Amino acid sequence: MKIMKMQEHRVGFIGFGHMAQILFTSMHSARLIPLSQVQFVQRDRDRMKLNEQKYGITATSIEHAVVTSDVLLLCVRPGQIEPVLQEMARFGAGSKQIISILSGIPISFFQQMLGEKVQVVRLMPNVASAIGQGMTTLSFSPHARVEFRSFVELFSAPLGKYLEISESHMDLATAVAGSGPGFVFTLIQAMADAAENGGLSRERALLMASQTFMGAAGLVAKEKDIASLLNQITTPGGTTEAGLNIMRQTEMAKHFQETIRASASKAKQMAQQSSR
């Protein structure tokens, strides 16, 4: 069997909302696939026409996308997936390579709908992929071939960092990496609000807070020892210690962990609902 080069694949997006557009833009910027070999399905006809003009790719039907594509990216909402897969199955989607970015929809559901031997990967990007700083997690079905795995890794690389994990950890990864930016945005906003309330302009407060988070994250990624980093900047009786004492008194770390658990629990609940 001939092994296709990356540029020879034909890619179809089933659903073309915000995250699908981020994935397409990343793929196009990295020149992975020619525009002529990319198509998308979008049911809102006004947005479909706008996106055709904006991105220079062709909108099509589910039938045509399935029949003519090698790789299909599922980017619809989780609640829409069952009828979409039923329609895809009618046109032979079980023989295609499937990339799903849907939260809470397990590989077993795709096997149930498209066949036990379907090649599928659950790919969980996050919104920071828009600037090439995302954290993407991957979990492959048992029948995913080497060629498909290679395609997915090349596809994921421009998004930022990527990591293959066991599907049993995907709900947790959805909470930490997939939903995580939303939690970090909230913390940045709180820090910026405090700076603004103290007299800084909104622009300066946001710059100060966002750059502080980026710098701290960079140090953690480099040093990998948060306890040591905290020790370096926490002078007894100093300003950092005063703030950390409030965080301990209010059990901020505990509440943040509860935030992650609630998000992971929701992903697990969605998986259970899809398997009924």
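Gly12 stands opposite Gln39 in strand 2, where strands are DSSP runs of E with at least two residues and helices are runs of H or I with at least four residues, each numbered from the N terminus. The model is predicted, so that local features require a pLDDT of at least 70 and side-chain atom pairs count only at pLDDT 80 or more, whereas totals for chains, interfaces and linings use all residues. Residues are numbered from 1 along each chain as its sequence is written, and side-chain values use heavy atoms, with hydrogens and water left out.

Strand 1 and strand 2 run parallel and are joined by 4 bridges; two strands are said to pair if DSSP finds at least two bridges between them. Strand 2 and strand 3 (residues 58-59) are parallel and share 2 bridges. The crossover from strand 2 through helix 2 to strand 3 is likewise a right-handed β-α-β crossover. Strand 2 is covered on both faces, with Val38 and Phe40 buried on one side and Gln39 and Val41 buried on the other. Here buried means under 20% relative accessible area, exposed means over 50%, and partly exposed lies in between, for a 1.4 Å probe and protein chains only.

These strands belong to an open sheet of 8 strands with the order 3-2-1-4-5-6-7-8 and mixed pairing. Strand 3 and strand 8 stand at the edges with a single partner strand each, and therefore one side of each has no neighbour in the sheet. Strands of a sheet pair through backbone hydrogen bonds, in either a parallel or an antiparallel manner.

Both kinds of pairing involve strand 7. With strand 6 (residues 119-124), strand 7 pairs in the antiparallel sense over 4 bridges. In this pairing, the bridge partner of Arg122 in strand 7 is Ser139, and that of Val121 is Phe140. Strand 7 runs parallel to strand 8 (residues 160-164), to which 5 bridges join it, and Gly134 has Gly160 as its bridge partner in strand 8. Strand 7 (residues 134-140) is largely enclosed by the rest of the structure, because 6 of its 7 residues are buried. Strand 7, helix 6 (residues 146-156) and strand 8 form a right-handed β-α-β unit.

The largest nonpolar core contains 33 residues, and those with the most contacts inside it are Phe13, Leu73, Ile99, Phe151 and Val152. Such a core is a set of buried Ala, Val, Leu, Ile, Met, Phe, Trp, Tyr and Cys residues joined through side-chain atoms within 4.5 Å. Among the elements that each supply at least two residues of this core are strand 1 (11-14), strand 4 (71-74), strand 7 and helix 6. Helix 1 gives the largest share, 6 residues. Apart from this core lies another, of 23 residues, among them Val41, Val66, Val76 and Val84. In soluble globular proteins, nonpolar side chains tend to be buried together.

Val152 is in contact (heavy atoms within 4.5 Å) with Ile99, Val121, Leu123, Leu138 and Phe140, when neighbours within four places in sequence are left aside.

Ser26 is located in helix 1 and is buried, with a relative accessible area of 10%. Not counting residues up to four places away in sequence, Ser26 touches Pro158 and Leu159. Ser103 lies in the loop between strand 5 (97-100) and helix 5 (107-114). With 22% relative accessibility, Ser103 counts as partly exposed. Apart from neighbours within four places in sequence, Ser103 is in contact with Pro78, Arg122, Met124, Thr174 and Met270. Ser103 and Ser166 are separated by 63 residues in sequence and by 15 Å in space, C-alpha to C-alpha. Helix 5 is mostly covered, with 6 of its 8 residues buried; the buried residues include Ile107, Phe109 and Phe110.

Note on methods. Right-handed = clockwise from strand over helix to strand, strands pointing away.
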